[in-house]
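Subject: Handing over the structure

Dear colleague,

I am passing this structure on to you, and I would be grateful if you could look it over before reading further. My notes come after it.

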Amino acid sequence: MLTADKLRTTYLGPKSAMANSAIAAAERTEVNAAARAAARSLLFFRRLRGFVSRDFALAISYRMDFFMRMLQTVIIVTALFFISYVFRGRVQGAPRQWDDPFAAWITGFALMSYFGCGFSSLANAIRSEQLQGTLENVLMSPIRVPTVIIASTAWEFLQASFFAFFYLFLAWCFFGVQYKGNLLLALIVIVLTAMVLQCVGILSASFTLVFKRGDPFGALLATGSFLFSGVLFPTQSLGRTFSIISCALPTTYGLDGVRRVLIEGQGWGQLRGTLTTLVLFLIALLPFALVLFDGALRRAKREGSLVQY
Amino acid sequence: MSATAIANDLTAFEVADLTGAQAEPASISVSNVAKTYPISFQRVRQAIQRKCLHPVEALSGVSFEVRQGEIFGLIGPNGAGKTTLTKIIATMVQPTSGTVSVHGYDSVFDEEQVRLHVGLASAEERSFYWRISVRQNLMFFARLYGMSDTEALRRISDLVELFNMGDYEHRRFGELSTGNKQRMSVMRALIADPPVLLLDEPTRSLDPVAAATMRSVIRALVEQDRPVSILLTSHNLSEVEELCSRVAILSGGQIRDVDTPKNLKAVETPTERVHITMRGLLPAEVELLLPHLDDLKLTIEGSEIIISFTRMERDDQLDLVLGRLHDNGATILALDFERTTLLDVIQGYQDNREGQDCGVSRC
């Protein structure tokens, strides 16, 4: 398509009326396109803010829940610290990140709460809207599927980020765990892994939309990840059969990547393989998950079961 | 012009215009819509349960149009398909066949545009967040429509004033009475100022005064500069008669008739029952004077006689009867008319349907 600038440079001589109108039309189209893009992004952020403010308001209506979770985190970190004394120096044949099991567990627990959010937050959000009877009214608004997916899980991710940080902070502040490496790189690995897990979360949500309960994706992957992706023990100690399962789980790469950055202090070059694997997971899962979610939504509308739970 | 300024200037409908929408008169067009609810995994269920399962046919061949600025009523017995039809228009349920368009946008292919133009107020209480306040609930839905905070707050404050909800604005939704929850539903439907409103029993839980206020709000919506088109579903037939310019009767998933309330009643039974209360004559004398009347019935109450008979609307029977009674020394004390109501019309269609169903064999 000819842009206004291109048209101006094409007509170097005296401009004809036709040229002028073509330029004006092109300018209008560009302004409209720019305005449309800007308006769309702003609408997205307004909607995102709407969801986050609503979820925040709902969360603070249950004040005790938040403090109990904080207390629970403190207890878990303290318990892990003392248990780690039993295993310190006994983990053999494992990478350096397991030299101090406490540091490995802390990163494992911190990230699992974050990753678990990816698995289940969208399905939980949809289930909760179904139970409250608000799902139809939310979907009655002119909101698109990707916005629903991102916005309805945003608060859960914010909360999980807070608790993940809280785990790491407690371990650093009170139990002497030292983090090294590039924090930005660690953050990229976390975000990338969370995006991959969000795809699994979208599959779970699709199942919830149609079948309401009994979602196999979230349940199997959450349990599988906890057991086989190196949260509690190094994946190297799993043996050949189970290490195949371990290799198929995106959380294995996410956890390993974050530990290699934060505990071992590795950099961009050493993490290229992990990042590539996570990107490949994302490319394979995202389109499939989005198509399936859209299909599930249409099926629920065909069956008239959006409001059912 | 900055992006914020652009977005602040945009109402939901201007966004639609930016995305290339064509301006069309506000109306709903329902054309030959059918809806059959499928049985999920029918074959598997049949194999396990060994039962003869049939999909439920909720609507069949439904067609009508709601004109711009019109209040269109949808009435019918329970299970007639009113809610299904409303949900199809609101894009929440997909029709099996046929098309629904709102402002020229197809409810299946242009869902987002349809949702921009439609506000739905259902009678369902369980459609808000009970633990947050009235204002927070409305603010959330306003943001879903892409409204800026300033615009949303202004709109919420207007609606709170219009529906007299000032005392409850900061209360949790769960603390509201059933009637106020009902008002909230209409407030939410109006939050983005849509040109098409779907109202499902808007006065169901309201007290008589609040119901009257709601009716005047509904009337005002179609009388404003940019009139709203309203599809009103209700079991309150006097309300439908009072508000709607046209009414569709839905029964057994089919539209039985669409017309003005007056014409609908006339088509069903263009007769009325007349009750004359009089004194000064004996019952036998009355019977002798009025031998030609249909369904003549005399009721004696002390010294008064109530004469009841059926006549065609606006015929000369009444004049004849009153003349004969007066000429023979009777004193007329009262005159009452019992006209056909929409209820009679619905009952008529329902009786017809039940009659037809008797002849249909089932699996």
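This is a predicted model: local features need pLDDT of at least 70, side-chain atom pairs count only at pLDDT 80 or more; totals for chains, interfaces and linings use all residues.

Residues are numbered from 1 along each chain as its sequence is written, and chains are lettered from A and ligands numbered from 1 in the order in which they are written.

I begin with chain A, which is divided into domain 1 (1–61) and domain 2 (64–303), the bounds coming from an automatic or database domain assignment. Between them, 8 residues of domain 1 of chain A are in contact with 8 residues of domain 2 of chain A, where contact means that the C-beta atoms, placed from the backbone, lie within 7 Å. The side of domain 1 of chain A that touches domain 2 of chain A has 6 nonpolar, no polar and 2 charged residues; here Ala, Val, Leu, Ile, Met, Phe, Trp, Tyr, Cys and Pro count as nonpolar, Asp, Glu, Lys and Arg as charged, and the others, Gly among them, as polar.

Also in chain A, the axes of helix 7 (residues 183–211) and helix 11 (residues 272–303) come within 8 Å and cross at roughly 20°. Helices (H or I, at least four residues) and strands (E, at least two) are DSSP runs, numbered from the N terminus, and axes are lines fitted to C-alpha atoms, for helices over the stretch in contact, with angles running from 0 to 180 degrees between N-to-C directions. Because of that crossing angle, helix 7 of chain A is roughly parallel to helix 11 of chain A, a term that covers angles under 35 degrees. By class, the contact of helix 7 of chain A with helix 11 of chain A has 24 nonpolar, 3 polar and 1 charged residues.

Turning to chain B, the domain assignment gives domain 1 (9–29 + 64–265) and domain 2 (271–339), whose C-alpha centres lie 47 Å apart.

One open sheet of chain B has 6 strands in the order 6-7-8-3-9-10, with mixed pairing; two strands pair if DSSP finds at least two bridges between them. Strand 6 (118–121) and strand 10 (254–259) of chain B stand at its edges, each with a single partner strand, so one side of each is left without a neighbour in the sheet. The twist averages 15° from one strand to the next. Within this sheet, strand 3 (residues 71–75) and strand 9 (residues 246–251) of chain B run parallel and are joined by 4 bridges, and I75(B) has I249(B) in strand 9 of chain B as its bridge partner.

Another open sheet of chain B has 4 strands in the order 12-13-11-14, paired in the antiparallel sense, and its edge strands are strand 12 (294–301) and strand 14 (331–339) of chain B. Strand 11 (residues 271–279) of chain B pairs with strand 14 of chain B over 8 bridges, and R273(B) has E338(B) in strand 14 of chain B as its bridge partner.

Finally, the contact between the chains takes 36 residues from chain B and 32 residues from chain A. Helix 6 of chain B gives the most to the side of chain B that touches chain A, with 5 residues, and by class that side has 21 nonpolar, 8 polar and 7 charged residues.

With kind regards

Notes. Angles under 35 degrees count as roughly parallel, over 145 as roughly antiparallel, 65 to 115 as roughly perpendicular and the rest as oblique. Two residues are in contact if their C-beta atoms, placed from the backbone, lie within 7 Å.
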